[in-house]
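Visitor: I would like to learn how to read the domains and folds of a model. Please take me through one.

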Amino acid sequence: MSLLEIENLSLTIGDTPILKDLQLSVAPGEVMGLVGESGSGKSMTALTTMRLLPHAARATGRVSFDGIDILAATEDQMCALRGDDIGMVFQEPMTALNPVKTIGEQVAEGIRWHTKASRAEAEERARKMLDRVGLPSAKFPLSRYPHELSGGQRQRVVIAIACALKPKLLIADEPTTALDVVIQAQILDLLRDLVAESRMGLLLISHDLAVVTEMADRITILRRGEVMETGETARTLSEQLDPYTRQLAQASMHVPARAKPHATGEGKPLLEVEGVTRDYPGRRIALFRRAPDIRAVDDVSLAMAPGQSVALVGRSGCGKSTLARMILALDRPKSGTIRFRGETITDKGEAELKPARRDMQPVFQDPYGSFDPRQKVEKLVAEPLHVLEKQPTRAERREMVAHALHEVGLDQRDMDKYPHEFSGGQRQRLSIARAIITRPKLVVADEPVSALDVSIRAQILDLFAELNQKLGIAYLFITHDLTVARAITDEVLVMHDGKIVERGKTSEVLDHPQSEAAKALVAAAPDLHRAIARRMQEQG
Amino acid sequence: MTMHIDIPEETLSSILAKAFRNTAFVAGFVITVLILAMAVISYVWTPYDVTRLVISDKTQGPSLAHWFGTDHFGRDILSMIMVGARNSIAVAFVAVGIGMGVGVPLGAFAAARGGLVDEALMRINDLVFAFPALLSAIMITAIFGPGAVNAIIAIGIFNIPVFARVARAGALAIWPREFILAARAAGKSSTQISIEHVLPNIATLLLVQGTIQFALGILAEAGLSYLGLGAQPPMPSWGRMLFDAQTRMVAAPWMAIFPGMAIVITVLGLNLLGDGIADILDPKSRRQR
Amino acid sequence: MRLWKTILAAAVLALATGSPTFAARTDLVIGIPLEPPHLDPTAGAAAAIDEVLYANVFEGLTRIGQNGEVLPDLAESWTISDDGKTYTFKLHSGVKFHDGADFSADDVKFSLDRARADNSVNAQKALFAEIDKVEIVDPATVKVTLKNPQGSFLYNMGWGDAVIVSPKSADTNKEKPVGTGPFKFQSWSKGSSITLVKSDHYWGTPASLDKVEFRIVPDAAAYVPALLSGDIQAFPFFDPESLAQVKDDPRFKVVIGSTEGETILSINNKKPPFDKLQVRQAISYALDRKAIIDGASAGLGLPIGSHMSPANKDYVDLTGRYPHDIAKAKELLKEAGLENGFKATLKLPPPGYARLGGEIIASELRDVGINLEIIPVEWAQWLDQVFTKKDYDLTIVSHTEPNDIDIYSRKDYYFNYDNPTFDRVIADLNLTSDEAKRKELLAQAQKILADDAVVGFLYELPKVGVWDAKLQGLWENAPIQANDLTKVKWGE
Amino acid sequence: MTAYLLKRFAIALATLVLASMVVFAVLEILPGDPARLMLGMNASADQVELLRNQMGLNAPLAWRYLHWAGGLLSLDFGRSYTYSVPVLDLVRERLAVSLPLALIALALSTIIAIPVGLFSASRRGRAGDTVAMGAAQLGVAVPNFWFALMLIYVFAVWLRLVPAGGFPGWGAGIWPAAKSLMLPAVALALPQAAILARVTRSALIEVLNEDYIRTARAKGLPYRAVLWRHALRNAMIPVLTILGLQFAFLLAGTIIIENVFYLPGLGRLVFQAITQRDLIVVESVVMLLVAAVIAVNLVVDLSYAVVDPRLRSRQ
């Protein structure tokens, strides 16, 4: 009899349907992967199991855990289960811990609550648990506060809380999505060890097919609240019986068709960056003493030719975004110069920067945050025209916007709509339309697709490739996702702790990295091909 | 104090639909419109002329002739409440205008500029907040003489730091957003960005704070005119009516009850309106109290 | 549930017993509107000083009784020389100051010389102007010689500003008043109350009250609740407008008396258009005294036609001179070339008669085309702007000093009124002490003021006294600003 | 931590000095001459001049400011023109009324508001919440002097439970003095409690939506334990801010209530001093109140650090 059995579970919140006849089961010691795009209802499945649903939620069907009917259980029964027999780990480590309580208190609290242990005893067990999750007492005493820890370290504390009482079932809802690639690998290893050590059942929820393939024995594909397919991980993903599974798998491995890179023959380099450094003041630790400055970008030099497509990869916090902002003249370096199309831009005032700005535009990560919700698309996409010498008339402006919308595959009539009337993918297209309206020579894209679902991501990458061909726009892609770099760029620069540690042809660097940092990055980055191959050997 | 602003994603029509289902908004809207109508009508018509003193029918109880009864000079209390409404609303409205007109640009500018300018503005804000509002209003009206205009200035001054603080907090939550970076990349200056992008996004917050300060303005004006420092006779004011009613509470309770109710209902209406707007337009924003 | 009931009952009982008990009482709490700036009657004009201390703590050679009559006080008896210039006072013996110092003729000489000295800060210095010299005949006899005979000298010696102080305590009287009266000063908590207690060795008939507290209650609104809740047992100067709340309550006695207060609409006689007689007369015609009395003083107080209180024996009724006649007023304005009226300001000091009267008068004058802008002012601003700088058009004030018709003859007085014939009448008045002659001169003075319509004469400020029904001995009238408690006691 | 402390202290001091200059300047242009007021109607011009010199009113401006400011530091506020008594004694007497009144009102307001805020936050949207918030909405709308009037006529005049006003002084015993402060404290506490309840509720609702609340529930804690152990402390900061503002208001903003109950408090002292143009009293008391407000803000700032460790280490 498996540990967790969910049969034809249907869930509605208010009057919107979330789940329809969901089937799912997790056996002791088994890792069940639950995969689906945003809005597929995967998190709601977990919350139903934990009975942590909002007031307006109505669930029907059967959810039984270890023989107990969850849907019919009383709140007190659920309180006894939660934290003791069922542990849960959440997506956002930065806000998952109570900022005003020490990590020791928050781990010990669950123990004392369930086992009525004394304070000293609970703290002793909390100490052991923190060591177990890789937070040694030397550096991480019980008295530390959450804000003194990094994202990865906080996720370890959350895991310690969830597993403190050796639960039978552990539910992990997107545990590593918000983390850096290298840290993600470490957290996944920790989860795998904990599950194996006490034969826990693990329900791993993620939108990243590669991560689930590496971890899960069996897999369930979810789309709009309905189960598309379920079965052995390797077999399901290699046979791809269900069309949605096939579409999902192929989108994850999609590489846009790119003709020969658009050679312009113009000898002059488009962008030259020489010896650029940027410091941030350290935190003040005493009245007049301040922690030493943090060097975000350390003596970086690089060059880009017109029409070239370059990727800037590295772990989060390695300084790639800071460098991008300085190139876009939105931030000033402490030292070093940046020349764009022969003009140095690091010493110019805002007015003198206008010509340079005309030829370089940004594309941002968060489709919801990169547009002012109070204005219509026409005004938003036309915003960069502000930089032109001769301001176009209203009619000319509308014509240029229409043209840009058409180039990114959107309809002219969308000009009079508000941003919130578009999906995430469409908004990213609007973002690109805004970037290309002034026919710039360089587009700096900071994590352009990392917030998108797999299937939409592929379309956007195609769009970038197409525009590079047609308009000869050079790209500087900032990303932590090697598959994106591999898919869309010719050159790659690997950054680590503010320095560029390796550069070269994308395929060469990513297939056999030389520098330590590049090696760690490539090893840690989840790759669906590799994961399926390895899973095939194990499951024969 | 950082402000969590999750910008709403609705079209105008959906907002209006939601508005008329929100009880607080509807109640507040109806009350405020009624009071405004009463004040406007009073310019054209009131049951009796508030300037005529008819000592003969002094302190009469509510009757068919005088719905709310008469005061110690025989004037009709309903008419005086109508004209008094004009005075209270005018004082509170202009005071909020001053507060917003001066406070919001200051706050937005401080948030945009940051650094020393921000620090300086905050210190001035602390200074003005340090002065007890009512006491300073009394000093101002004592120096420049009582009267509606001085009451407006006295109340207005203390609205400025409130709006400066709200505008600054709101703007600080908007500046790090990515669409601001995009605007900077389009070469727009910080003032252009403040006007085009920042202000529209904190408009709801300011509107809500505006209704609250409007309500507090009504109370402050009543307080000042209770002490005899607000609008001077023959212009009636609610606070003054309460003061006159005090010595005649036992013999003529209606003289205190009706003006008191007028103040309560107006302030209640404005606060409900503020709550309603906040719930509809900016559900998650934490309103400054 | 039962437990709750007992707790609640106990709480209510505890609160109730806390309220004042009604055994035969010897203590009294009196409410007064204004707090005295200090406690030395010889160094300040504020009426509040006399209201607390006159006759209670300090005594003069003579004392003014309830109906304005001059009574012997520290001076047992006196003889006046034939030419009316020399007064010989026989003093009581065995009188002591509250600090134990003996009272003798030296104290009388000291007090009179101190009041009339050049650097004296006495507010009524004019009272002592006629004194030539003060001689000590023997410890119990003092001879005072005047420059010219002065009919009102004995009356003047009865003013609060003329009380006898001891040289030892004169300088500290502002804080710790030391007098010879039946009560002595106990404590003063600023802004709240002043407490007097019975003096143990008083030369006259001792007071029947042991302890008296003067509670300062500036806001008329608080009078009624204080009375009703028994906090305060007496308000000698109650607010007429609040009378309706207490007059039918058996627990209280309402006593309407008269005062020397002439409530007037003062006019700045030099400032156009008020310099024209017709304009001033038009104003007097426009005033409806009855409506003002009903509206501002709850119908209490007698209308007056000139600057004399009806309670005064020399009063001449001139109220008929300007009956309420709007047509006549408009006609007069037309004569003065102002048929479509004019604008002016009306500055109002804090008291109720001014603030309420002001609104009524503004409405009445508006009927004849005179539009008044009401400007409320505090006493400090009134004294500065109106009284000293004469920067005003119209104002309302009640002159409560007794026998003060001579103020219209004073040089830079705030009326800006200058009438030689009137001045001559006043000068003669000061020189004669023959009663009949004085009465005839006073009538003449009153007629001139009425004919010149120097100010708008409104009504005599009534003394509205409200106190506990069981309380006896409080004054009915207020011929001077005082609360004489020497005869006050709790009857049954 | 010390950096945070010293920075706040330096700012407080700067604000205080700036405030003292503003107060002195404002009062210099106040019309009306105190000397004339003291001597009354009939005193002659030279007598008034004599008194002005005695009181030092004719000294040069800068000298008087420095003299006054210097005095403030050594608690010698100078002598009141009207009462001719050291201002310090006057203020101490009045503080014996205003301070306890403010504290009782604040305590009353807090005792009522926090539980109500907690109750309606935990029952968000349900009947209890709408009723509580409806009452709070009404509480905010009632002018406190009107409410005071009603209280007097019910409790003092009709039921005769408590005195209708006046202050017998602490000398007359704790109970009678406290009783006389009861009604004024309730009249002051009502609007403040209404505001505080609304703030507590919205702060709590904000916190209850945070992720760490979900973590705590996932730990197995029942709803009540989550509310008390995790939610309340995090909601403290906005509540503390409002408490700080309220105490500052209660100290100085009670003029009207002091008038209605004729309490000899600080507010009325200043109000009468303004009407009697007693500059020294007005200047000193306003400075005292400003200093009190700044001190209260400093205490509130420090309490933030106690409640929220993130502030302790932050620059």
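**Domains and folds**

Guide: In chain A, the C-alpha centres of domain 1 and domain 2 lie 34 Å apart. This is a predicted model, in which local features need pLDDT of at least 70 and side-chain atom pairs count only at pLDDT 80 or more, while totals for chains, interfaces and linings use all residues. Residues are numbered from 1 along each chain as its sequence is written, and chains are lettered from A and ligands numbered from 1 in the order in which they are written.

Visitor: Where is chain A divided?

Guide: Domain bounds come from an automatic or database domain assignment. Here domain 1 of chain A covers 4-252 and domain 2 covers 271-533.

Visitor: How many residues of domain 1 of chain A are in contact with domain 2 of chain A?

Guide: Two residues are in contact if their C-beta atoms, placed from the backbone, lie within 7 Å. By that rule, 21 residues of domain 1 of chain A touch 17 residues of domain 2 of chain A. On the domain 1 side, the largest share, five residues, comes from H8(A). Helices are DSSP runs (H or I, at least four residues), as are strands (E, at least two), numbered from the N terminus.
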